[in-house]
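Visitor: Could you walk me through this structure, one question at a time?

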Amino acid sequence: MNSVTSSWRRRRQAARTRRALDRALARTSSPAMRDELLTMANSSGSTR
């Protein structure tokens, strides 16, 4: 049962991270900032 809970928590955290990244990308004022955010997200293992 613990592995089911852990899996669910990981999926929820990944979904929250994706939504936060999407919000940040929507608020960027320049293409350079968007590129920087995507670079940081990709280097930390977060994917779109």
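Visitor: What is the accessible surface of the protein chain, and what share belongs to carbon and sulfur atoms?
Guide: In this predicted model, totals for chains, interfaces and linings use all residues, while local features need pLDDT of at least 70 and side-chain atom pairs count only at pLDDT 80 or more. Residues are numbered from 1 along each chain as its sequence is written, and side-chain values use heavy atoms, with hydrogens and water left out. Accessible areas come from the Shrake-Rupley method with a 1.4 Å probe, and for residues only the protein chains shown count as cover. The protein chain's accessible surface is about 4,000 Å², and the share of carbon and sulfur atoms is 53%.

Visitor: How many helices and strands does the protein chain have?
Guide: Both are DSSP runs numbered from the N terminus, with at least four residues (H or I) for a helix and at least two (E) for a strand. Counted that way, the protein chain has 2 helices and 0 strands.

Visitor: Does Leu 21 count as buried or exposed?
Guide: Leu 21 sits in helix α1. Buried means under 20% relative accessible area, exposed means over 50%, and partly exposed lies in between (1.4 Å probe, protein chains only). Because its relative accessibility is 11%, Leu 21 counts as buried.

Visitor: What is the relative accessible area of Ser 30?
Guide: Ser 30 lies in the loop between α1 and α2. Its C-alpha atom is separated by 25 Å from that of Ala 15, 15 residues apart along the chain. Ser 30 is partly exposed, because its relative accessible area is 28%.

Visitor: Why does the span of helix α2 agree with its number of residues?
Guide: The expected span of a helix is 1.5 Å times one less than its number of residues. Helix α2 (residues 31-43) has 13 residues, so it should span 18 Å. The two agree because its end C-alpha atoms are apart by 18 Å.

Visitor: Which residue takes a positive phi just after α2?
Guide: The phi in question is about 95°. Just after α2, the residue that takes it is Gly 45.
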